[in-house]
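Hello,

Here is the structure I said I would pass on. Please look it over first; my notes on its side-chain contacts follow below.

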Amino acid sequence: MLLNCVNSYPLQQEIRDQVSKLIAQQISPLRSVIFGLFLFENKLVSLIRPKSRNIHPVDVHLLVNVITGFDTPKNVEFTWYPICLPNFDKNGIMYAYISHLDESCQTCLILLTGMCDEEQSIELNECRKRIQQKMLTQNTIQLMNSKLKDSSLRLDQIGVSELKHFLYKDNKIFQYFSSDYTLPYANNPSEQQRIFFAVH
């Protein structure tokens with residue numbers, strides 16, 4: 001895993017904060033929800049967790065890989081998926097409530113709990129509907145869609161003419177993002193690989 005971090009979706013801070021606050025307000029009253037994650041285009045936008053609990057970036061990476069590789073039918077409102085997060089509890093099983101909040105499945109809400117039953121499904125499904133409705137009301141998904149065509153960070157946005165490529169790692173939240181490759185690295189896989197191993 002690159003830099004022992006999770007690849008986050010480049011997004012304006014105010015939109016990211018809006019998403020995080022919206023989700024946190026809905027899941028914080030639910031004692032059964034341990035962690036909440038929100039993905040856009042298979043990249044992490046938001047991670048909601050209690051102050052007393054931590055989730056290792058390796059576990060987040062594992063979870064994102066499993067969920068994004070899991071072919072959820074588009075006509076299904078939600079799916080349960082059992083998963084073991086070894087750095088959180090190597091002897092235990094958690095249950096991931098997975099739901100796409102838009103028809104194109106660009107967005108994905110993941111709620112991690114320690115149980116999975118009918119009552120839990122009803123409770124989380126109602127929570128998901130509230131989150132979905134508030135996102136529609138606040139045009140959150142539309143705002144994120146508007147960023148989709150140009151979601152990467154370009155070097156001309158930095159304003160340093162000598163800069164050819166950069167990668168930023170936030171040690172507090174174990175996330176990273178990087179710029180697109182430009183000349184002389186664009187369309188040069190061997191040079192891109194060299195850079196990858198240099199920062200790994």
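**Side-chain contacts**

Glu126 is partly exposed, its relative accessible area being 37%. Please keep in mind throughout that this is a predicted model.

Glu126 has a charged partner: its side chain meets that of Lys129 in a salt bridge, at 3.9 Å from N to O. Lys129 is also partly exposed, with a relative accessible area of 37%. Both residues belong to helix H4, and because they are three residues apart there, about one helical turn separates them.

In total, the count comes to two salt bridges. The other one joins Arg128 to Glu77, with 3.4 Å between the closest N and O atoms. Which parts of the chain does this pair tie together? Arg128 sits in helix H4 (residues 118-137), while Glu77 is in the loop between H2 and S4, so the bridge ties together parts that are 51 residues apart in sequence. As for accessibility, Arg128 is buried, with a relative accessible area of 4%. Glu77 is partly exposed, at 44%.

Next, the aromatic rings. The count here comes to three aromatic pairs. One of them is formed by Phe35 and Phe88 and is edge-to-face, with 5.4 Å from centre to centre and 80 degrees between the planes. Phe35 is part of strand S2 (residues 33-40) and Phe88 is part of helix H3 (residues 86-89), so this pair ties together parts that are 53 residues apart in sequence. Are these two residues buried or exposed? Phe35 is buried, with a relative accessible area of 0%, whereas Phe88 is partly exposed, with 28%.

Phe78 and Tyr97 make up another pair, and this one is stacked: the centres are 5.1 Å apart and the planes are at 20 degrees. This pair also links distant parts of the chain, 19 residues apart: Phe78 lies in the loop between helix H2 (57-69) and strand S4 (79-83), and Tyr97 lies in strand S5 (residues 94-99). Phe78 counts as partly exposed, at 24% relative accessibility. Tyr97 counts as buried, at 0%.

Regards

Terms used. Residues are numbered from 1 along each chain as its sequence is written. This is a predicted model: local features need pLDDT of at least 70, side-chain atom pairs count only at pLDDT 80 or more; totals for chains, interfaces and linings use all residues. Side-chain values use heavy atoms; hydrogens and water are left out. Rings of Phe, Tyr and Trp (its six-membered ring) pair if their centres lie within 6.5 Å; planes under 30 degrees apart count as stacked, over 60 as edge-to-face and the rest as tilted. Helices (H or I, at least four residues) and strands (E, at least two) are DSSP runs, numbered from the N terminus. Buried means under 20% relative accessible area, exposed over 50%, partly exposed in between (1.4 Å probe, protein chains only). A salt bridge is a side-chain nitrogen of Lys or Arg within 4 Å of a carboxyl oxygen of Asp or Glu.
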